[in-house]
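Dear colleague,

I am passing on the structure that we talked about, together with some notes on what I found in it. Please keep it open while you read.

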Amino acid sequence: MDADVTDSAGPPADPDHPAGETPQGRSQEDPGATPDAEPETTGPTEEEPGAEPKAEPGPGPEAKAEPSAPAAPASGGSVGVQTWADQPKDGSASRRKRPWLRWAALGASFLVLVSAGAGWWLYNKLDGNITTDTGAAAELKVYEKERPAQVVMDAQNILLIGSDSRAGDNSKYGRDDGGSQRSDTTILLHLAADRKSATAVSLPRDLMVEIPACRTGDDKETRERFGQFNSAFELGGTACTIRTVERLTGIRIDHHMVVDFNGFKDMVDAVDGVEICLKEPIDDKDAHLELPAGRQTLNGEEALGYVRARKTLGDGSDTERMDRQQRFLGALVNKMQSNGVLLNPTRLYPVLDAATKSLTTDPGLDSLRDLYDLVRSMRDVPTDQVQFLTVPRQPYRNNPNRDELVEPDASELFKQLREDKPVAVVPADELKDAEKETGTETGTGGDGELDGVASESPTPTPTYSGSSAADDLCER
């Protein structure tokens, strides 16, 4: 009997584990239990006298060869029970995976560096495209005392000058007369202080104005004269043009941009062309333009011929050409906003690249950051509030081939812009209808208000002939 009791009590005592303790890693449960199943007791266990032994491998060589981990003391000094799943993992497998993690981290870092480097290269490229006109800034400082003061601080007045130089890449548009140039198109762009509207006023190249004494390129000074507006650019460059506009309007010019032909063409190509409508076909050899009638999309080369054509379109006047330029610029603005160009870096880059390559500006706008801030401030302006008009003018009394201002309409327009007050534009045909009804020569009265249109406002918004970027050229 004694021998039988001894055999049923289990294997002989292990010298490393005193009686009453269960070796670590040896489960007291059924062999079929999952390794993660935890025993109900965590402290020392004792067999009840006479109890049947639990099913467990009996003593033998295989049982003795099973490794045992040192017991970890539990709280209170007791020893807990661990399963093989609770054993500390062998660090070799983890160490084998770590090189892959390190390579992944290195790869991600490399991509970040490459992206940052590419972004920096693109930024510098665009930034380097811009030409800074330091000469005009220095010239304007000399005449600072005679320049008008800024009335509304947050409003911006930018003079946009289209150069008609035939030198270099522009030679195919006419003869190169020694590199001299005149301002082909001049637009005064007024950005409201709240950035809820933008008004672009075209100044006719043939307008007769007072041109102040200006310094020439060889540091000589011209005499003050009464002459054709675009000759100011030929005589004294950008600074002379700015001072002429300031004297004419009383508006302080904050910035200026000079863009040549190629810049305009490339911008149109960068937005995949601009749609227009033609009532009649065009065949203008001087403008290198041959187009059928109807709705069509112009590429850069065709667009340039379209806005410059004069002899074969309409009555051949500069007035009609300016109206055509305004409508096309409105369609270009609408195309850029409707296609999300201003909010899409991949589409905005070609536009910026085209613009900056042929752009000369003052030091206040000669960086990509400055231009981006300007564009960003304009991107939320509703297209119907991006307005285009020409300063009120009529044939010059001494020469019908030149223009002169219509007063007091022109002065009222300049006053509204100077004080950052709104103006309104309506299509020319509406003004013509008003002229027929009222028998007046112009569609605006002395206060700039459209004749025959009643207004309940004590200070009605002056209304002029013009268009907006929201207008569809094919519906006019």
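Helices (DSSP runs of H or I, at least four residues) and strands (runs of E, at least two) are numbered from the N terminus. The model is a predicted one, in which local features need pLDDT of at least 70 and side-chain atom pairs count only at pLDDT 80 or more, whereas totals for chains, interfaces and linings use all residues. Residues are numbered from 1 along each chain as its sequence is written, and side-chain values use heavy atoms, with hydrogens and water left out.

Of its 476 residues, 38% are buried, where buried means under 20% relative accessible area, exposed over 50%, and partly exposed in between (1.4 Å probe, protein chains only). Taking contact as heavy atoms within 4.5 Å, residues 24 or more positions apart make up 65% of the contacts with a separation of 6 or more.

Next, the interior. A nonpolar core is here a set of buried Ala, Val, Leu, Ile, Met, Phe, Trp, Tyr and Cys residues joined through side-chain atoms within 4.5 Å. The largest such core has 31 residues, and L159, V391 and L413 are those with the most contacts inside it. At least two residues of this core come from each of α4 (134-142), β2 (156-163), β4 (198-203), β5 (208-211), α5 (231-249) and α11 (409-418), with α5 giving the largest share, six residues. A second, separate core has 30 residues, including V274, L289, A303 and L342. As for L413, once its neighbours within four places in sequence are left aside, this residue is in contact with V201, L389, V391, P392, V423 and Y464.

I then looked at α6, which is mostly covered, seven of its 10 residues being buried. Helix α6 (residues 261-270) packs with helix α7 (residues 300-308) at an angle of about 125°, their axes lying 8 Å apart. That angle makes α6 oblique to α7; angles under 35 degrees count as roughly parallel, over 145 as roughly antiparallel, 65 to 115 as roughly perpendicular and the rest as oblique. On the α6 side of this contact are F261, F264, K265, V268 and D269, which meet G300, E301, A303, L304, V307 and R308 in α7.

With helix α9 (residues 345-357), the axis of α6 comes within 8 Å and crosses at roughly 175°, and α6 and α9 are therefore roughly antiparallel to each other. Here G263, D266, M267 and A270 in α6 meet P350, V351, A354 and A355 in α9.

Finally, some backbone details deserve a look. Most residues other than glycine have a negative phi, and most peptide bonds are trans. D272, although not a glycine, has a positive phi of about 65°; D272 sits in the loop between α6 and β8 (274-278) and is exposed, with a relative accessible area of 58%. D420 is likewise not a glycine and has a positive phi, of about 60°; D420 is found in the loop between α11 and β16 (424-426) and is partly exposed, with a relative accessible area of 22%. The peptide bond from E407 to P408 is cis, with omega near 5°, and P408 lies in the loop between β15 (399-405) and α11.

With best wishes

Methods:
Axes are lines fitted to C-alpha atoms, for helices over the stretch in contact, and angles run from 0 to 180 degrees between N-to-C directions.
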